[in-house]
Amino acid sequence: MPQDDLPDWLPAWCAEVLGNEPVEVVFERRSISAVYGLRLADGRDVVVKAREDDGRAASCVTAQTRLAERGFPCALPITPPVAVGALAVHAEESRPGGDLLRGDSPDIAVHYAAVFARLMAELTDVTVVPPLPNPRWARWDHTDPGLWPAIDFLDERDQSAVPAYVVDTADRVRKRLLATDLPCVLGHADFEAQNLRWHDVDVWAVHDWDSLAWQPEAALVGAASGTFASASPPTLAPVESSAAFLAAYQDLRGCRFTEEELEIAWAASLWAAAHNARWESLHGDAPVSCDAVRAQAAERLRRAKA
């Protein structure tokens, strides 16, 4: 990305908050957030993240900071979130390198479960204001009318494009999840392969701390057991790999889920896939998640008693 294409506010923000303007754009990525890898005039490499200021950023950055300070493999924030117009903006240290750990086998699932277990253990004594509303793809607990959380750019499309089996799966999953009164905890709600980097099977970095959520532990773990193998496009791990993830997580945390917690985990393992299947259908994308939901929904719903 040419430096001239940076948002007008960004060089001045860097000069004011970080003490130097950027002299090189190392990378730029846009999704829900805009992420800029920058080299500053003093030689430092930093990452600046900007996203809609929905009230979640302060809690997410605080939690990320606590974990980084303890040695958890994630980038250390170097500023709190700062309001820039309608955006919440913060900077963090650059943590480049590492590779994707690809695959969706039970053995790969165990490696991801070990990282998630460590992450959840580290978050247990981090006290922040719950980062609500939860990320839109994990927002089965919304209070909007209808089945799906309100997402304008999806809702304005022709909903008849979404297969009936996707809608039925999402409806059954959401009803099961809403029926629980398990306590909520802080956890990572976008635990996908694309958001982690590894050196062989040693995790090097966990990214996307904007995606923390406040939901029952079993729901967060269940969601991760379904999404851990997703890069692009997202998909759903095989049932046996999700089972391996859930078993390894419990072993590593030294606790056993109750029957209800296991049901909630299996229900949550389907929600993100149903959301992604809806997205594919509404955008005319290849039916990767659609096919996975079609193939796996019955067994996962059975285990969820949904």
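Predicted model: local features only at pLDDT ≥ 70, side-chain atom pairs only at ≥ 80, totals over all residues.

Author: Happy to! Start where the backbone oxygen of Asp190 lies 2.9 Å from a polar atom in the side chain of Asn195.

Residues are numbered from 1 along each chain as its sequence is written, and side-chain values use heavy atoms, with hydrogens and water left out.

Asn195 sits in the loop that links strand S6 (184–188) to strand S7 (196–199). Helices (H or I, at least four residues) and strands (E, at least two) are DSSP runs, numbered from the N terminus. With a relative accessible area of 11%, Asn195 is buried; buried means under 20% relative accessible area, exposed over 50%, and partly exposed in between (1.4 Å probe, protein chains only). Neighbours within four places in sequence aside, Asn195 is in contact with Asp190, Ala205, Val206, His207 and Asp208, where contact means heavy atoms within 4.5 Å.

Follow that list to Asp208, in the loop between strand S8 (202–206) and strand S9 (212–216). Asp208 also counts as buried, at 17% relative accessibility. Its side chain is joined to that of Ser211 by a polar contact of 2.8 Å. Again leaving aside neighbours within four places in sequence, Asp208 touches Lys49, His188, Asp190 and Asn195. For a contrast, look at Asp200, in the loop between S7 and S8. Asp200 counts as exposed, at 67% relative accessibility, and its phi is near 60°, a positive value in a residue other than glycine.

Now turn to the helices. Helix H8 (residues 259–283) and helix H9 (residues 288–304) have axes that come within 9 Å and cross at roughly 160°; axes are lines fitted to C-alpha atoms, for helices over the stretch in contact, and angles run from 0 to 180 degrees between N-to-C directions. H8 and H9 are therefore roughly antiparallel to each other, since angles under 35 degrees count as roughly parallel, over 145 as roughly antiparallel, 65 to 115 as roughly perpendicular and the rest as oblique. Residues making the contact include Trp266 and Leu270 of H8, and Val293 and Leu301 of H9. By class, the contact of H8 with H9 has 12 nonpolar, four polar and four charged residues; Ala, Val, Leu, Ile, Met, Phe, Trp, Tyr, Cys and Pro count as nonpolar, Asp, Glu, Lys and Arg as charged, and the others, Gly among them, as polar.

H9 also packs with helix H5 (residues 164–178), at an angle of about 30° and with the axes 10 Å apart. H5 and H9 are therefore roughly parallel to each other. Among the residues in this contact are Tyr165 and Val173 of H5, with Cys290 and Ala297 of H9.

Finally, two prolines to find: the peptide bond from Leu132 to Pro133 is cis, with omega near 0°, and the bond from Ser232 to Pro233 is cis, with omega near 0°.

Technical notes. Polar contact = N/O pair within 3.5 Å; in protein donor to acceptor, adjacent residues only side chain to side chain.
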